[in-house]
Amino acid sequence: MTPSRRRRLGLLAVLLAIAVVYALRLGEAGWGSGPFPTYLYDEGYTAFHAGRMLARDPAIHTPNARRFEYLERGRDDLSPTSRAEWSHPPGAPLAVAATVAAFGFDAVGARLAPLLAALATLAAVGSLARPRAAPFACVLLAADGVFFVFARAALPYMFVTAAVAVGSACLVRALVRRGRARAAWLVGAGVALGFGVAVRWTALPVALAVLLAVAVSRAGRRRRVGLSLLGVLGVAGVTYALTFVPLLVAGATPSELVALHREMLWFHRHLPASSGQSTAWYTWATSLRSTLFRAVPRGDTAAIVVAAKNPLVWLAILPSLALAAWRARRGSVRELLAIAVVVSVYGPWVILQRFSLSYYLLPLLPFVALTVTSALARRRWILQGYVAAAIAAFALLYPALSNLPVSRATEATYLAVLVRR
Amino acid sequence: MRRGVTLALLAAAAVGCGARSAPPPAVVASSDAAHRRGIAAYEIRHADAHEVDVALRGATPGQLHSLARAGVTVQELETPGGSVTVTSSLERVEARISTARGVERWTLGEKRGADWIVPAARPPSSTLGLVATVFAVDVDMAVQGSCVVEGGRAHVACTLECTRAATCADQDPSPRCAQAMAGCGACMDQGR
């Protein structure tokens, strides 16, 4: 067996092991059997929307639909806070609807979509990493609590993360291929980045930054990919538009879609500056304060789900940016991509005047893992120690990530350390 | 939402998902808060972004007309047991009731600075029962879930606030209740 084949098999084994750990207890923190479903955090928007999409409920594309409009299609899936995600493009509910259609409308069926997106992200990280660092990059990323929780909750952000990582991997592949193979990877990049924008508009600056990074990289300039990247933008635009096709087929006019976009824009421009667990952007990469998704007391025990930051990943965001900037001086596409993603994911939140949460940085975590492991790849024992420490931190956080029953004292400790800072 | 639907059906299912706001259904079953007030179903006569006109069916028949404009929501409830008009904004909630002696106005809550103040003088319990019924109907007539309301002046968990208002209006004259009534009233405005 050749060394490169051995490395590929090793990476595959690592991905399989991660998949098993991630799939364990996927249906925990389920939706319950009370008078209304108890969705995990904002699953009441995304998963609810996906279910109603399959039930052909016209209310899901009605801005500010009234409760009676939703009640017409039943109340079993309607919690007090759930509503359709009309304030965003329909990418995330579409993705969740795919697994719900295949496996049923329950916590497992809805969460399979983000789980698959997480695995696609890890595969893209494996592809983007230098061969010797690839398994370490995947494990480091998988050891983050925020990445873990979002892989197991029917929420939009893992889809953006997958779109950016897969799109970037496709672009890097395209740089080393020719002819039809290159065209296919470029189309793949366009589809991925366009889908990311169809999940969250904040993926648009990321997509543009990624394309710019590739264009100005040494490899990009040598292969003169500028025009091809315009084609990628075109494919991305078509992909974005295609996510709205169900509306057009149902009889909506283009002017109604424009009006819907105007409503979305208005909604986001009028969101309050602070709400609930929002935190200031400048604390996101320096504080371990995390977002609480659920805390349910059960007698002497409690079960909690916190999108808990692994310090070995989150506190490495700013150093990895500096590291990537230093290493990018020779025009390496991987480092330029890392800079582009970190800056374009983080940057808009410095400007936007609406409430915001630290997990909005999720799409940049794959590039932090890539940069850290790439920098340490030549000092193998340091790299192994770093990733081992990240795994240890993940193990410590695991009960707070996975809805495992813990004592009330342990719950209080987790909340004090991770949430109430 | 049955299990086992093939992926191929997804596209077909999605075909029907894009229609814009359908005409209001003629009769809609009420949810819990209204049910507890004797309202089994609604006949929606008119519903647009700012105005709702609904007939109430069940042990408490009646009619609610709600008009929300420029930050003020006026809701008139008529039942065989009496009539009340609830006027709310994000700063004030008041009830007006017509009796044999004339029109009585009651302030249910008022915002002073950042705090809500509840006057010591309270309307009779029969009036408060009608006010609670208004908010019980609002649970189903207001914007569902969490939303930006009042032209962007507030972000309200509408169903939760209306449910709270329906429960507390005739039981708990607290500042939080006054805030819930104001928030629920704002949630009747569907448009920007």
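Predicted model: local features only at pLDDT ≥ 70, side-chain atom pairs only at ≥ 80, totals over all residues.
Close-up 1. Side-chain values use heavy atoms, without hydrogens and water, residues are numbered from 1 along each chain as its sequence is written, and chains are lettered from A and ligands numbered from 1 in the order in which they are written.

**Close-up 2. The disulfide of B:Cys158 and B:Cys187.** The sulfur atoms of B:Cys158 and B:Cys187 lie 2.1 Å apart (a disulfide is a pair of cysteine sulfur atoms within 2.5 Å), and the torsion of -80° about the S-S bond makes the link left-handed. B:Cys158 has 0% relative accessibility and counts as buried, as does B:Cys187, also at 0%.

**Close-up 3. The disulfide of B:Cys162 and B:Cys184.** Here the sulfur atoms are 2.1 Å apart, and the torsion about the S-S bond is about 100°, so the disulfide is right-handed. Both B:Cys162 and B:Cys184 are buried.

**Close-up 4. The disulfide of B:Cys168 and B:Cys177.** The sulfur atoms of this pair are 2.0 Å apart, the link is right-handed with 90° about the S-S bond, and both cysteines are buried. With bonded cysteines counted along the chain, the disulfides of chain B follow the pattern 1-6, 2-5, 3-4.

Note on methods:
Buried < 20%, exposed > 50% of the residue type's maximum accessible area, 1.4 Å probe, protein only.
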